[in-house]
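The following note sets out several points on the model shown here. Please read them alongside the coordinates.

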Amino acid sequence: LEYCPDHVMEDGEVFKGSGFSLRAVATPGHTMNHLCFELVEEKALFTGDHIMGWSTSIVAPPDGSMWQYLASLEMLKTLNHTLYWPGHGAPVTEPRRFLRSLIYHRRLREEAILSVLASGPLPVREIVEQVYVTLEPWLKGAAALTTLAHLEDLVANGLVATEGTPQLTSLFRRV
């Protein structure tokens with residue numbers, strides 16, 4: 001099955017309907033082509049999978065990027081929406097507070113990864129075991145992908161190193 005949209009919206013593009021306007025807001029990170037849609041008249045944002053009302057989103061390389069995800073969250077803080085309608089979970093009635101908590105959560109996860117790597121080089125699987133201690137086993141694959149996204153960002157920032165391109169099977173060490 002192949003799907004091809006009639007039109008691919010771009011950041012800032014507006015779709016007008018009878019009594020409403022939807023503005024596309026580029027939010028790469030969860031996926032590189034992710035868009036949220038602002039209901040302009042209500043200062044509300046349909047966040048899709050970028051922001052979920054019940055959990056943090058998976059950021060899965062190669063299509064997901066942690067630094068882009070965090071940059072998108074920071075950008076959303078500047079837009080002053082009053083309500084988020086996530087693709088999953090309940091509406092978010094305090095968007096700026098929720099954004100701060102998502103960013104804080106990701107920074108804590110990054111610190112946990114760096115802390116685990118302080119004991120020596122490890123592959124993603126072992127980092128996940130030590131960082132996500134209480135996580136249900138069926139969620140560990142998603143946690144591994146998000147951990148890899150964190151590690152890619154940490155490698156790019158010179159805090160972690162690996163041989164070659166970061167992969168799930170790579171061995172990572174703190175710099």
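1. Buried denotes under 20% relative accessible area, exposed over 50%, and partly exposed the range in between (1.4 Å probe, protein chains only). F15 is partly exposed, with a relative accessible area of 45%, and F20, at 30%, is also partly exposed.

2. This is a predicted model, in which local features need pLDDT of at least 70, side-chain atom pairs count only at pLDDT 80 or more, and totals for chains, interfaces and linings use all residues. Residues are numbered from 1 along each chain as its sequence is written, and side-chain values use heavy atoms, without hydrogens and water.

3. Rings of Phe, Tyr and Trp (its six-membered ring) pair if their centres lie within 6.5 Å; planes under 30 degrees apart are stacked, over 60 edge-to-face, and the rest tilted. One aromatic pair is counted by this rule. F15 and F20 form this tilted pair, at 6.2 Å centre to centre and 45° between the planes.

4. Helices (H or I, at least four residues) and strands (E, at least two) are DSSP runs, numbered from the N terminus. Strands pair if DSSP finds at least two bridges between them. Strands β4 (residues 44-48) and β5 (residues 83-86) are parallel partners over four bridges, and L45 stands opposite Y84 in β5.

5. The expected span of a helix is 1.5 Å times one less than its number of residues. For the 17 residues of α4 (residues 140-156) this gives 24 Å, which agrees with the 24 Å between its end C-alpha atoms. Buried residues of α4 include A143, L148 and L151. After α4 comes G158, with a positive phi near 75°.
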